[in-house]
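Here are some exercises to work through with the model open beside you. Try each task before you read its solution.

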There are 10 protein chains.
Amino acid sequence: MKKINPIKTDPGKVRLLETFDNSFPDRKYLIIHRVNEFTSVCPKTGQPDFGILTISYIAKKKCIELKSLKYYLQAFRNEGIFYENVTNRILDDLVKALNPVWMEVKGEYSVRGGLNSTIIASFGKK
Amino acid sequence: MKKINPIKTDPGKVRLLETFDNSFPDRKYLIIHRVNEFTSVCPKTGQPDFGILTISYIAKKKCIELKSLKYYLQAFRNEGIFYENVTNRILDDLVKALNPVWMEVKGEYSVRGGLNSTIIASFGKK
Amino acid sequence: MKKINPIKTDPGKVRLLETFDNSFPDRKYLIIHRVNEFTSVCPKTGQPDFGILTISYIAKKKCIELKSLKYYLQAFRNEGIFYENVTNRILDDLVKALNPVWMEVKGEYSVRGGLNSTIIASFGKK
Amino acid sequence: MKKINPIKTDPGKVRLLETFDNSFPDRKYLIIHRVNEFTSVCPKTGQPDFGILTISYIAKKKCIELKSLKYYLQAFRNEGIFYENVTNRILDDLVKALNPVWMEVKGEYSVRGGLNSTIIASFGKK
Amino acid sequence: MKKINPIKTDPGKVRLLETFDNSFPDRKYLIIHRVNEFTSVCPKTGQPDFGILTISYIAKKKCIELKSLKYYLQAFRNEGIFYENVTNRILDDLVKALNPVWMEVKGEYSVRGGLNSTIIASFGKK
Amino acid sequence: MKKINPIKTDPGKVRLLETFDNSFPDRKYLIIHRVNEFTSVCPKTGQPDFGILTISYIAKKKCIELKSLKYYLQAFRNEGIFYENVTNRILDDLVKALNPVWMEVKGEYSVRGGLNSTIIASFGKK
Amino acid sequence: MKKINPIKTDPGKVRLLETFDNSFPDRKYLIIHRVNEFTSVCPKTGQPDFGILTISYIAKKKCIELKSLKYYLQAFRNEGIFYENVTNRILDDLVKALNPVWMEVKGEYSVRGGLNSTIIASFGKK
Amino acid sequence: MKKINPIKTDPGKVRLLETFDNSFPDRKYLIIHRVNEFTSVCPKTGQPDFGILTISYIAKKKCIELKSLKYYLQAFRNEGIFYENVTNRILDDLVKALNPVWMEVKGEYSVRGGLNSTIIASFGKK
Amino acid sequence: MKKINPIKTDPGKVRLLETFDNSFPDRKYLIIHRVNEFTSVCPKTGQPDFGILTISYIAKKKCIELKSLKYYLQAFRNEGIFYENVTNRILDDLVKALNPVWMEVKGEYSVRGGLNSTIIASFGKK
Amino acid sequence: MKKINPIKTDPGKVRLLETFDNSFPDRKYLIIHRVNEFTSVCPKTGQPDFGILTISYIAKKKCIELKSLKYYLQAFRNEGIFYENVTNRILDDLVKALNPVWMEVKGEYSVRGGLNSTIIASFGKK
């Protein structure tokens with residue numbers, strides 16, 4: 001079994017995330033952002049990976065500002081990171097920025113060698 | 001974190017909503033209206049936003065009259081309001097007008113910068 | 001709030017409904033009829049309405065005969081009746097004719113003024 | 001209400017069904033066969049009926065051999081039988097041949113007079 | 001009823017499977033690999049079979065390496081094995097290699113004689 | 001071979017058609033109206049027929065007013081007329097009302113007894 | 001190369017075809033009938049074949065009566081005949097019955113052994 | 001027949017259009033812009049209209065700048081104008097701004113009263 | 001530029017092809033066989049390739065027998081050959097076996113590294 | 001009107017392109033490569049663009065090697081270039097490398113501000 005170094009948060013990326021006040025903090029409502037154009041690089045082959053990210057959450061006090069989310073995700077464009085890790089990393093970073101009631105990040109990655117992969121990670125209780 | 005002023009109900013819009021008697025008040029049945037052509041304006045960029053609203057509810061004594069619902073929603077055409085807020089605002093206004101057993105408002109907004117957003121807010125128990 | 005007269009059953013229509021013996025009365029199985037071509041008239045505008053009806057049920061002793069169901073539904077062709085009412089009326093008439101364990105009538109009506117509506121009413125426990 | 005004679009099993013058809021040993025009897029796994037080209041005859045009009053059958057089951061000791069299933073179903077080609085009855089009959093015959101933990105037979109029949117019907121019958125607990 | 005020899009694990013195939021460390025072992029997240037181009041041979045007719053495999057799991061300490069999964073599945077290309085058996089065999093081999101919290105293997109096989117089959121087998125609790 | 005009486009224009013229906021001035025008479029541009037909810041009655045069985053009409057034309061001096069087109073087509077709701085004839089009749093009436101450069105009427109009628117029919121008739125040169 | 005006996009017209013089938021007068025013989029318009037539920041038998045294996053037939057024509061004096069077309073096509077239900085031959089046979093029979101300006105018969109047959117076939121034969125000039 | 005005032009170009013709107021140099025003026029290549037969110041107002045009812053515009057052209061010396069095209073089209077948001085006229089008006093304005101080899105504007109407008117309309121106007125030879 | 005050895009016909013494969021007499025040699029009709037499950041091996045990487053082949057032709061005296069076509073195509077299962085070459089090779093072999101009026105072979109190959117390829121080669125005049 | 005600098009070929013990119021011998025130079029056959037994951041950067045906003053490229057050609061003596069095509073296209077990943085220019089640039093580079101009989105490059109770019117664009121450029125005669 002191969003060893004892979006632990007995935008650490010990149011403070012530079014996290015600082016890109018901005019939030020705004022949730023105007024309806026007393027209601028548990030669902031927010032879903034679908035990102036159709038996520039791309040990063042495979043750390044093993046150096047080849048680009050492409051995927052669709054779906055970020056769903058129930059906010060507490062803060063909502064994610066959309067333009068800042070776009071810049072944060074674009075910061076992965078030339079970074080080498082595996083499917084499993086990038087999905088969990090984004091969940092960790094967003095949970096830290098928003099402290100939501102519940103959050104789920106789903107990554108659907110494009111076909112490689114006749115296979116395509118989906119990773120779904122969540123935080124808190126829905 | 002940015003501050004945004006609280007979203008207040010607009011009495012002029014709410015007065016557009018008309019209702020009619022529920023002819024089957026003893027049966028808990030589901031009514032779903034799908035509005036394919038909702039549009040408002042982004043308060044940050046001044047650019048138009050487009051979306052599909054799905055309004056589902058179980059009526060108590062009153063049902064929403066469809067033509068009045070259309071006029072009420074058209075009143076947002078040139079108003080600047082965020083996705084999260086417009087969805088919750090419409091839920092609040094309709095709950096006040098109908099006093100339903102249960103209601104859900106879902107807004108599916110069109111792609112902006114490679115992202116599209118869905119907001120789902122509900123009132124009462126299904 | 002407008003007043004609408006209560007919707008009464010039309011005995012002439014109900015007499016069109018014929019049934020046959022359920023050959024498997026001891027098994028709770030599901031029967032679904034999808035009617036692709038339902039049409040009636042809007043009582044307010046006089047304009048024709050179009051819809052798809054889905055009638056699902058678990059029979060006790062009787063099943064609905066399909067040709068008679070078709071004639072019963074065609075009897076609404078030139079009648080003025082609201083979406084909410086026609087869906088509930090059909091449920092009431094079929095429950096009276098079949099006395100089923102469970103029944104649901106779903107009406108999906110076509111687009112009017114950029115909106116389309118679905119009404120789902122049920123009887124008994126599934 | 002019309003009377004219909006009880007639907008009896010046809011031993012000639014049942015003898016067409018062959019089985020093979022379930023190689024994984026200790027695991028409760030799901031087997032689904034979708035039959036796209038089922039046809040029988042309407043006993044009332046003599047007109048051919050067409051449908052899609054979906055046979056799902058959790059095996060105990062025996063699995064159905066696919067070629068024999070095909071021949072068994074083809075034996076209905078020129079037989080007059082109602083939708084509700086043929087679906088339940090096939091369930092009874094397969095349950096007798098396989099003695100499964102659970103089985104469901106779904107028949108989706110093609111459009112007749114603007115209506116299409118689906119019948120879903122099951123045996124045992126999933 | 002026909003007898004079929006028990007399906008034994010092929011150690012040569014299993015040795016093709018490689019794993020890597022799960023970087024987020026404390027979070028129960030879902031990994032799904034969809035294999036669009038699986039092919040083996042029917043042991044009865046010698047004809048090739050084609051299918052789509054969907055492998056879903058919640059990892060404990062180990063994740064499956066994708067390239068090794070591809071080679072492992074290609075090793076079935078010229079092997080004669082029934083649908084029911086190949087699906088269960090792959091589940092057994094992957095469970096042995098990964099020791100996951102939960103795993104499901106779904107095989108959707110292509111049309112043969114107007115029928116197509118789906119087999120779904122799982123291990124552990126989701 | 002059966003004899004069918006010639007199909008005559010109904011002056012009452014034709015009078016429903018209204019037109020407006022073509023603002024761009026010097027440009028040969030294409031106008032297409034798709035009517036999703038056309039219904040008439042089969043003259044042989046008395047059963048309702050349903051269809052989708054597509055009316056395409058290149059205007060000379062006059063364009064068809066949409067609301068009047070809707071009323072004209074609704075006048076067929078309870079009239080008995082064959083597919084082939086209603087399609088040609090509508091073409092004749094519209095050609096008389098508009099005197100276009102070119103016009104085509106396509107009627108796609110719904111399934112009856114496992115068959116569905118499309119009739120395409122045109123006037124002038126495209 | 002195998003020899004196959006010439007395909008002869010079956011006068012019994014042809015007599016099932018009925019026609020009616022074309023009410024618009026001076027206009028060259030297109031009539032298309034799509035038959036979703038055609039079935040015959042493979043003369044080699046005795047297995048049923050299924051297909052979708054599309055019959056398109058420009059009538060001279062006569063149009064095909066739809067119910068008679070249905071009965072004519074049902075007469076192939078238990079007959080053994082190859083794809084290529086049944087398509088051409090139907091074209092020959094319909095040309096004889098209608099003497100059209102132009103006619104095309106397209107047969108799209110269902111998957112057998114991973115292959116599906118389409119045969120397109122025509123008469124006259126479009 | 002109703003009279004409608006001639007549609008005049010609005011110089012304010014036209015000034016919004018910006019162009020850039022065609023870098024490949026010697027090659028006749030095709031540029032297609034699909035605008036998914038066009039909206040204007042019906043001059044008769046005051047109700048909003050929605051549509052999809054497809055603008056295709058072969059450039060001579062100038063190409064249309066996309067952001068300016070968006071602002072130009074948004075200027076119709078609260079203007080009352082018929083489908084036929086807005087499509088031709090946009091064609092005229094763009095032809096004046098670009099002087100292309102060939103241009104086509106297609107407007108596909110959403111359903112009103114069960115009808116939806118498409119207008120296709122072009123300039124020059126393709 | 002790399003050199004690749006010329007692609008020679010394999011007489012063993014060609015002998016698998018069988019034909020039958022065209023029963024309608026005087027009519028130029030179209031025969032299309034769609035093969036959904038073609039697979040060969042990439043000569044460079046040794047990895048399996050998958051594709052959909054569409055073989056269309058107008059026969060002279062001979063038609064291809066379907067079962068023999070299936071066996072002929074299965075003979076490529078473990079052979080290393082490029083997309084461009086396998087498509088042209090199959091065209092050459094079938095032209096030699098059938099001597100058709102016209103023939104086209106289209107190969108649509110599955111995604112590799114984010115690209116998928118289609119090759120279309122033809123013989124004679126349609 | 002804005003001025004944009006002429007688009008020059010980048011010799012570094014072109015050197016990435018490799019070719020192989022066309023094994024069937026006497027036959028004019030069609031080769032189509034669809035690239036699902038093309039990405040570059042907008043030179044105006046610095047934002048990433050995404051698109052689908054379809055490269056079709058009839059080869060003379062040389063065919064493009066697929067892996068080298070992939071590397072060539074990946075070299076645009078972080079380059080700022082407009083839709084119109086990147087499509088024409090790729091056509092020029094491939095024509096220089098292959099000297100084909102005919103070639104077409106189509107770029108379908110993703111939605112920006114509610115618009116999406118397609119550019120189609122070609123070389124030679126088909």
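**Exercise 1. Work out how many residues of chain G and of chain F are in contact, and which elements of chain G take part.**

Step 1: count contacts, meaning residue pairs whose C-beta atoms, placed from the backbone, lie within 7 Å. You get 19 residues of chain G against 18 residues of chain F.

Step 2: look for elements of chain G that give two or more residues to this side; they are strand 1 (19-21), strand 2 (30-41), strand 4 (62-64) and helix 2 (66-74). Helices (H or I, at least four residues) and strands (E, at least two) are DSSP runs, numbered from the N terminus. Strand 2 gives the most, with eight residues.

Step 3: sort the chain G side by class, and you have nine nonpolar, four polar and six charged residues. Here Ala, Val, Leu, Ile, Met, Phe, Trp, Tyr, Cys and Pro count as nonpolar, Asp, Glu, Lys and Arg as charged, and the others, Gly among them, as polar.

A word on the source: this is a predicted model, where local features need pLDDT of at least 70 and side-chain atom pairs count only at pLDDT 80 or more, while totals for chains, interfaces and linings use all residues. Residues are numbered from 1 along each chain as its sequence is written, and chains are lettered from A and ligands numbered from 1 in the order in which they are written.

**Exercise 2. Find how strand 6 of chain F and strand 2 of chain G run, and how many bridges join them.**

Step 1: pair the strands, which takes at least two DSSP bridges. Strand 6 (residues 115-124) of chain F has six bridges to strand 2 of chain G, and the two run antiparallel.

Step 2: pick out one position: F:Ser117 sits opposite G:His33.

**Exercise 3. Which rotation superposes chain A on chain E?**

Step 1: superpose by least squares on the C-alpha atoms of residues with pLDDT of at least 70 in both copies. The rotation is 72 degrees, with 0.0 Å of shift along its axis and an RMSD of 0.0 Å. The two copies are therefore related as by a five-fold rotation axis.

Step 2: find the chain A residue that comes closest to the axis: A:Lys126, at 14 Å (C-alpha).

Definitions and conventions:
Two residues are in contact if their C-beta atoms, placed from the backbone, lie within 7 Å.
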